[in-house]
Amino acid sequence: MNEPRQTRQLTDYAFFFDIDGTLAPFQTVPQDVSIPSHVIGQLGILRDRLGGALAFVSGRPLEQIDTLTRPLQAEAAGIHGAEIRTLDGKVTRASIDTQQLSQIEQMLAEQTRALKGVLIEKKSMAFALHYRQAPDAQQPLQALANTVVDRYPDFKVQAGKCVWEIKPRSCDKGKAIRFLMASAPFFGRIPVFLGDDITDEAGFRYVNQQQGVSIKIGAGESEATHRIAGVTQVYEWLDDLINYKINIDSLRSV
C-alpha cells in the first residue's frame with residue numbers, strides 16, 4: 001500500500017524579506033520610502049502564523065528597518081548582515097575599524113562635493129553612493145568606490161539600483177540568512193527569500209542551496225528560481241498567502 005503523500009504546512013517555512021523594491025516602492029530620496037500600513041498588518045499576521053519565523057534582510061541599518069516596519073519588530077539583518085538581531089533581542093555586529101569609517105566618510109565627502117545630485121548615505125558601518133538623480137555620475141562614483149576599497153581592503157563594493165555601496169567585505173545577505181537559519185524559530189525550516197536587486201543574489205544562492213524558495217521581484221537576470229512582477233504584486237501575493245489562497249504544497253511554483 002502506498003504511503004499517503006506528506007503535505008507541507010506553513011510552519012515548515014521561514015520567510016525572509018528585502019525591503020526597498022520588495023516591500024516598498026523605490027523613491028528618489030531613500031528617506032521617503034514607506035511600507036503601507038496594511039502590508040505591515042499582513043506581515044504581522046504571517047509572522048504570528050509562522051511562530052515568529054519571519055525576518056527582514058536589508059541593506060538598511062536595523063534602526064531604519066524598525067522605523068519602516070513599526071509596530072512590527074521582527075528579527076532582522078541590517079547592512080547586508082553587518083548587524084543582525086535575533087529573537088532574544090541580541091544584536092551581533094561585524095567588527096569594523098571606526099577610524100577607517102571616519103576616513104572613508106571624509107574621503108567620500110571631499111570627492112563628491114562637485115557632483116550635483118549625488119547623495120552619500122552613511123549606514124553605520126557602510127556607505128551608499130546614490131546617483132538616481134545624477135545618472136552621469138554612475139562611472140565616477142564606481143571609480144571612487146573602487147579607490148576606497150583598494151585603500152581599505154576590509155570593505156568591498158556592492159552594485160545596486162542606481163547606487164554603489166561600500167560595505168564590510170565579510171557580510172552579504174546569504175550569510176545573514178544562514179546565520180538566522182541556525183537558530184529558533186528558523187532552524188530546520190525551508191527558507192523563502194524575496195528580493196529585487198543585485199544585493200539579494202547572495203541570498204538567492206544560499207536559499208537555492210537549501211532547496212528553498214527564492215523569489216526575484218521585477219525584471220532582470222537572477223539566480224532566483226521564481227519571480228513576482230513588482231511591489232504591488234508582492235502585496236497581492238501576501239494577501240493570498242494569509243487568506244489561504246496559495247496552496248503551501250505548491251509554494252515552490254509561485
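Visitor: In S7, which residue is the bridge partner of Lys122?

Guide: This is a predicted model. Strands S6 and S7 pair in the antiparallel sense over 4 bridges. Within S7, Lys122 has as its bridge partner Phe127.

Visitor: What is the order of the strands in the open sheet of 4 strands?

Guide: The pairing in this open sheet is antiparallel. Strands S6 (119-122) and S8 (155-160) each have a single partner strand, so they stand at the edges, and one side of each is left without a neighbour in the sheet. On average, neighbouring strands are turned by 20° against each other, direction ignored. The order is S6-S7-S9-S8.

Visitor: At about what angle does helix H3 run to S7?

Guide: Helix H3 covers residues 98-112 and lies across S6, S7, S8 and S9 (163-168). Relative to S7, the helix runs at about 10°.

Visitor: What span does helix H1 reach from its first C-alpha to its last?

Guide: Helix H1, residues 37-49, has 13 residues. At 1.5 Å a residue, 18 Å is expected, and the value found is close to that. H1 is followed by Gly51, whose phi is positive, near 65°. The span of H1 is 19 Å.

Visitor: Which strands and helices do the buried residues of H1 pack against?

Guide: Buried here means under 20% relative accessible area. The buried residues of H1 are Val39, Ile40, Gln42, Leu43, Gly44, Leu46 and Arg47. An α-helix has 3.6 residues a turn, so residues three or four places apart point the same way. The buried residues of H1 pack against strand S1 (13-17), strand S2 (54-57), helix H2 (62-69) and helix H7 (231-242).

Notes: Residues are numbered from 1 along each chain as its sequence is written. This is a predicted model: local features need pLDDT of at least 70, side-chain atom pairs count only at pLDDT 80 or more; totals for chains, interfaces and linings use all residues. Side-chain values use heavy atoms; hydrogens and water are left out. Helices (H or I, at least four residues) and strands (E, at least two) are DSSP runs, numbered from the N terminus. The expected span of a helix is 1.5 Å times one less than its number of residues. Buried means under 20% relative accessible area, exposed over 50%, partly exposed in between (1.4 Å probe, protein chains only). Contact means heavy atoms within 4.5 Å. Two strands pair if DSSP finds at least two bridges between them. Axes are lines fitted to C-alpha atoms, for helices over the stretch in contact, and angles run from 0 to 180 degrees between N-to-C directions.
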